[in-house]
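Here is a brief report on one protein model. Keep the sequence and the 3D view open while reading.

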Amino acid sequence: MALVVSEDQLDSLVAADRAAGRTIAFANGCFDVLHVGHVRYVAGAAAEADRLIVAVNDDDAVSQLKGRGRPVLAAAARAELVAALRGVDYVVIFPDATVARLLERYRPDVHCKGTDYTVDSVPERETVSGYGGRIAIVGDRKDHSTTELLNKIRLEP
């Protein structure tokens, strides 16, 4: 299982990986109620580099992004679930609206986003190009969502 770490711990881990010549991929999301789309996104991101960091939004950020009643699972539980996925090396919980700050801090070789984005629509594209990284669009078609899954559960008798 991957390590769930603090940002400070991640500094040391990334430095060691860089010193060993490993490449770093970075993915992020809420990961509230894990589903197959998440698994495919993470697998695609893991294929982009030697190490994969996944940043998980904290509870306040998920509430702001997704609305009332979210997240369903607390950040620590979501991080642990993501850490159990094959291909994930490190998981960090973050409080920001975007991952621009973390991208600037860790400067991954590749920033991975799901197929609901294009390279041009990634919010952090200027940050990534500013330090010389690249963006990869990974995962399957975005036809899975936690919101839809929760709506289906609520409607079932």
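Y41 counts as buried because its relative accessibility is 9%. Buried means under 20% relative accessible area, exposed over 50%, and partly exposed in between, with a 1.4 Å probe and protein chains only. This is a predicted model, where local features need pLDDT of at least 70, side-chain atom pairs count only at pLDDT 80 or more, and totals for chains, interfaces and linings use all residues. Residues are numbered from 1 along each chain as its sequence is written, and side-chain values use heavy atoms, with hydrogens and water left out.

**The aromatic pair**

Rings of Phe, Tyr and Trp (its six-membered ring) pair if their centres lie within 6.5 Å; planes under 30 degrees apart count as stacked, over 60 as edge-to-face and the rest as tilted. By this rule there is one aromatic pair. F31 and Y41 form it, stacked, with 6.3 Å centre to centre and 20° between the planes. F31 lies in the loop between β2 and α2 and Y41 in helix α2, so the pair ties together parts that are 10 residues apart in sequence. F31 counts as buried because its relative accessibility is 3%.

Helices (H or I, at least four residues) and strands (E, at least two) are DSSP runs, numbered from the N terminus.

**Backbone exceptions**

Most residues other than glycine have a negative phi, and most peptide bonds are trans. Which residue has a positive phi of about 65° although it is not a glycine? That is V33, found in the loop between β2 and α2. V33 counts as buried because its relative accessibility is 18%. F31 also has a positive phi, about 55°. The peptide bond from R70 to P71 is cis, with omega near 5°. P71 is in the loop between α3 (59-66) and α4 (75-83).

Strand β2 (residues 24-29) is mostly covered, with six of its six residues buried. In a regular strand the side chains alternate between the two faces of the sheet. Here I24, F26 and N28 point one way, and A25, A27 and G29 the other.

Two strands pair if DSSP finds at least two bridges between them.

| Partner of β2 | Sense | Bridges | A bridge pair |
|---|---|---|---|
| β3 (residues 51-57) | parallel | six | G29 with V56 |
| β5 (residues 110-113) | parallel | two | F26 with H111 |

β2, helix α2 (residues 36-46) and β3 make a right-handed β-α-β unit. Right-handed means that, with the strands pointing away from the viewer, the path from the first strand over the helix to the second runs clockwise.

**A charge over a ring**

K113 lies over the face of Y117, at 4.7 Å from the ring centre. The rule asks for NZ of Lys or CZ of Arg within 6 Å of the ring centre and within 35 degrees of the ring normal.

**Helix α4**

The buried residues of α4 are A75, R78, A79, V82 and A83. They cover an arc of only 135° around the axis, which puts them on the same side of α4. The arc is that of the directions from the helix axis to the C-beta atoms. These buried residues pack against β1 (3-5), β3, α3 and β4 (90-94), where contact means heavy atoms within 4.5 Å.
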